[in-house]
Amino acid sequence: MDNKKQEQYYCPMECEGNKTYDKPGDCPVCKMHLITVAQQKKKHHHHHGGNKTGTHEPSHRKHEGHPVKGEYYCPMHCEGDKTYDKPGDCPVCGMDLKKEESVKPSAKVIYTCPMHPEIRQDHPGDCPKCGMTLVPEKGEETSDEEKAYKQMSKKFWIALILAVPVLIIAMSEFIPFLNPESIAPEKVWNWIEFVLATPVLFYSSWDFFRRGWSSIVRWTPNMWTLISIGVGAAYIFSVVALLLPGIFPPQFQDGSGNVHIYFEAAAVILTLVLLGQVLELRAHSKTNSAIKALLGLVPPIARLIRNGEEVEIPLEEVKVGDLLKVKPGEKIPVDGIIFKGEAVIDESMISGEPIPVEKAKNDKVTGGTINGKTVFEMKAEKVGSDTLLAQIIEMVNKASRSRAPIQKLADTVAKYFVQIVISVAVITFAVWAIWGPEPAYVYAFVNAVAVLIIACPCALGLATPMSIMVGTARGAQSGVLVKDARAIEEMNKVDILIIDKTGTITEGKPSLNGFKSFGRLSDLEILQLAASVDANSEHPLADAIVAGAKANKQKLLKLDKFESVTGKGVQAVYEGGKIGLGNHRLINDFQASLSDDQKNLTQEWQLKGQTVMFLIIKNKIEGIVSVSDKIKKTSSDAIKTLQKMGVKVHMLTGDNQLTAKVVANELGLDGFMADCLPDDKYKKVKELQEQGHVVAMAGDGINDAPALEQANVGIAMGTGTDIAMQSAEITLVKGDLNGIVRARDLSRKVMRNIKQNLFFAFVYNALGVPLAAGILFPFFGILLSPIIAAAAMSFSSVSVISNALRLRTQ
């Protein structure tokens with residue numbers, strides 16, 4: 001007997017909460033494939049720390065950077081983060097799948113001569129006919145979006161050509177100068193309408209019915225369900241009326257025994273839906289134009305220096321460590337450091353800062369940025385998907401696929417929307433059939449079709465994703481990288497911002513300020529020992545002390561058993577005894593003490609904004625070393641702007657009380673806390689959250705990671721460590737506080753745009769459905785034609801997308 005515990009299965013959409021199933025299969029509610037509980041736990045593995053918003057969030061809505069299979073996804077995220085390998089329609093809502101843009105190895109570059117295009121080869125060189133330098137040939141490949149747009153446009157124009165005469169024939173009785181019955185009897189014209197309208201259904205619009213049938217089979221009703229039922233009913237009614245008019249009740253027939261047909265309604269409705277799809281596809285292609293612009297920054301070739309000679313190679317062949325030449329005005333191919341020469345580089349397309357940046361030897365340069373008027377050589381450090389540009393594009397893609405909490409309302413409504421609309425259509429038919437004027441059944445049929453056609457669940461479904469997609473891409477262009485949509489919504493609610501000092505408020509490039517012996521050793525010996533014990537530290541202050549010692553021509557001593565003491569300093573073994581360099585906490589660890597004169601000197605330096613460290617040998621303080629870090633020019637204005645936006649700014653720093661107070665007073669901060677250990681920052685964030693505040697935390701170091709993770713919104717300064725960036729939900733490419741101002745402004749604009757979209761979608765459907773049902777008829781005698789209903793439905797989705805596109809220029 002098999003004692004193995006029976007596997008349990010779980011719906012990734014969590015349609016019935018935490019309900020599990022004993023057998024594999026599909027969810028009875030949403031029809032998605034069930035997954036095992038083990039798989040579900042694996043997806044949650046990285047989040048044992050709890051949800052930042054304090055609410056349970058379905059697993060499929062969290063995106064933790066796991067590898068994603070497939071390149072296509074549904075813009076309405078019907079199946080969460082699910083992606084597809086091929087272009088086509090979403091199996092749930094029927095919308096065209098969008099392609100995820102990414103930096104990939106390009107197809108093999110073909111080089112050709114501008115003068116002799118027949119010359120083509122797979123490597124750079126000169127034209128054998130005219131001697132001109134061969135140039136890379138631009139690919140002619142059409143994107144999937146462009147193919148879908150062209151195909152839909154073709155179907156629309158065919159439908160329009162066929163639908164216009166159908167409409168003219170049907171409306172001829174209202175156009176005085178037209179008298180088609182003088183040419184042929186009404187029966188003949190009805191057949192002509194049938195011949196013209198049928199290709200509109202079975203060629204131009206067949207995909208709509210296929211989507212509608214799929215939605216019924218999968219029991220995921222959507223817009224195409226409504227269109228298929230409404231238009232299908234009008235067409236089938238008309239065909240039966242054309243072939244068998246005698247089976248209809250007398251109130252449907254005219255004096256000649258003919259039944260009024262609705263081929264014009266079916267053809268024109270579908271043509272208008274096609275027009276809406278064409279406009280929607282064109283608008284969709286613009287939503288990721290920012291990503292395409294970023295992709296356009298990638299140059300196709302790089303100039304490799306090999307054995308002293310310059311060789312052009314395709315970008316994908318560049319390897320880490322390669323030496324590359326960059327000429328004036330060229331795009332930098334990959335991330336790396338300047339090996340030889342100097343440069344002034346335009347980084348605006350990545351950082352959002354318009355002022356070019358001066359670079360010298362060993363300075364970092366970023367792929368996709370543009371060189372100024374100099375020539376320099378660089379060493380490649382990051383290539384392919386490891387470059388900053390590739391990571392930016394990947395982050396924007398992930399954020400575009402994520403869901404904001406505000407979308408839950410629209411999701412809840414959309415879940416029952418189609419069922420409600422069909423119910424309203426049935427009630428409309430019944431009410432008109434029972435209490436409507438004669439011919440009651442005709443009125444009932446037309447109004448029920450109008451109800452089905454006018455309702456637009458897509459407007460609701462697209463309201464949030466479109467704004468998030470456009471907003472995150474716009475943010476990327478201004479140097480604000482958003483990891484998920486939740487951060488955009490939360491950033492708009494933030495009322496307290498906690499910032500670190502070093503690297504966030506200050507330049508993060510400290511320099512040696514002073515060094516002083518307390519007696520036994522000379523001043524230079526204090527500097528030499530301080531630099532020697534700091535030599536293995538990765539802290540920016542340690543780099544400043546080591547650089548200062550070298551500038552003073554001090555040779556570093558070799559010490560043993562180096563150890564970094566978190567929040568206190570560093571220590572090692574020197575001549576058989578312990579040596580340490582750090583703050584007052586390290587003094588306590590060494591059981592040393594300061595005299596009154598030493599305290600006074602220390603405070604004097606600290607009051608000037610300097611960070612003072614104590615050199616301790618065994619249990620005696622031998623001297624002090626001070627380092628200062630300039631406040632960034634942008635910090636003061638950025639803090640004032642944030643305060644005007646209603647955000648209180650607090651500084652939490654590991655620096656001493658006096659230095660922290662000088663900085664806080666100079667910048668007019670709302671609060672500060674000095675001598676902070678990493679755990680203190682985490683506790684402070686939690687304390688403020690318990691008081692009801694929405695807290696954003698900005699930091700750049702490993703010690704900031706716990707607080708970044710706990711904060712409602714974690715903001716990593718792009719100049720900081722990878723760990724800080726992994727813990728944060730927003731990363732600023734250029735690590736200054738102006739980026740936080742831009743992030744807050746972006747959040748405000750995106751959330752306002754989402755609310756506008758949701759308001760429009762709710763109001764449109766709340767007003768449109770009752771109007772189509774004929775609610776105004778008893779009072780004003782007004783009825784809504786199914787054709788007008790189709791026009792309104794088609795343009796509702798386009799209006800939502802168009803409104804979202806406004807974010808590109810705001």
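Helices (H or I, at least four residues) and strands (E, at least two) are DSSP runs numbered from the N terminus.

This is a predicted model, in which local features need pLDDT of at least 70, side-chain atom pairs count only at pLDDT 80 or more, and totals for chains, interfaces and linings use all residues. Residues are numbered from 1 along each chain as its sequence is written, and side-chain values use heavy atoms, with hydrogens and water left out.

**Stop 1: strand β26**

Select residues 648-652, which form β26. Of its 5 residues, 4 are buried (under 20% relative accessible area; exposed is over 50%, partly exposed in between; 1.4 Å probe, protein chains only).

Leu497 stands opposite Val649 in β26.

**Stop 2: salt bridges**

Side chains of opposite charge can pair when their charged atoms come close. A salt bridge here is a side-chain nitrogen of Lys or Arg within 4 Å of a carboxyl oxygen of Asp or Glu, and by this rule the count comes to 18.

Select Arg303 and Glu330, whose closest N and O atoms are 2.4 Å apart in a salt bridge. The pair links distant parts of the chain, 27 residues apart: Arg303 lies in strand β9 (residues 301-306), Glu330 in the loop between β11 (323-326) and β12 (335-340). Arg303 is buried at 15% relative accessible area, whereas Glu330 is partly exposed at 22%.

Next, select Arg486 and Glu490, a salt bridge with closest N and O atoms 3.9 Å apart. Where do Arg486 and Glu490 sit in helix α13 relative to each other? They are separated by about one helical turn, because they are 4 residues apart in α13 (residues 485-491). Both Arg486 and Glu490 are buried.

Go on to Arg520 and Glu622, a salt bridge at 3.1 Å between the closest N and O atoms. This pair, 102 residues apart, links distant parts of the chain: Arg520 is in the loop between β20 (511-517) and α15 (523-534), Glu622 in strand β25 (residues 620-628). Arg520 is exposed at 55% relative accessibility, while Glu622 is buried at 3%.

Finally, select Arg303, Glu310, Glu312, Lys325, Lys327 and Glu330, which salt bridges with shared partners join into one network.

Terms used
Two strands pair if DSSP finds at least two bridges between them.
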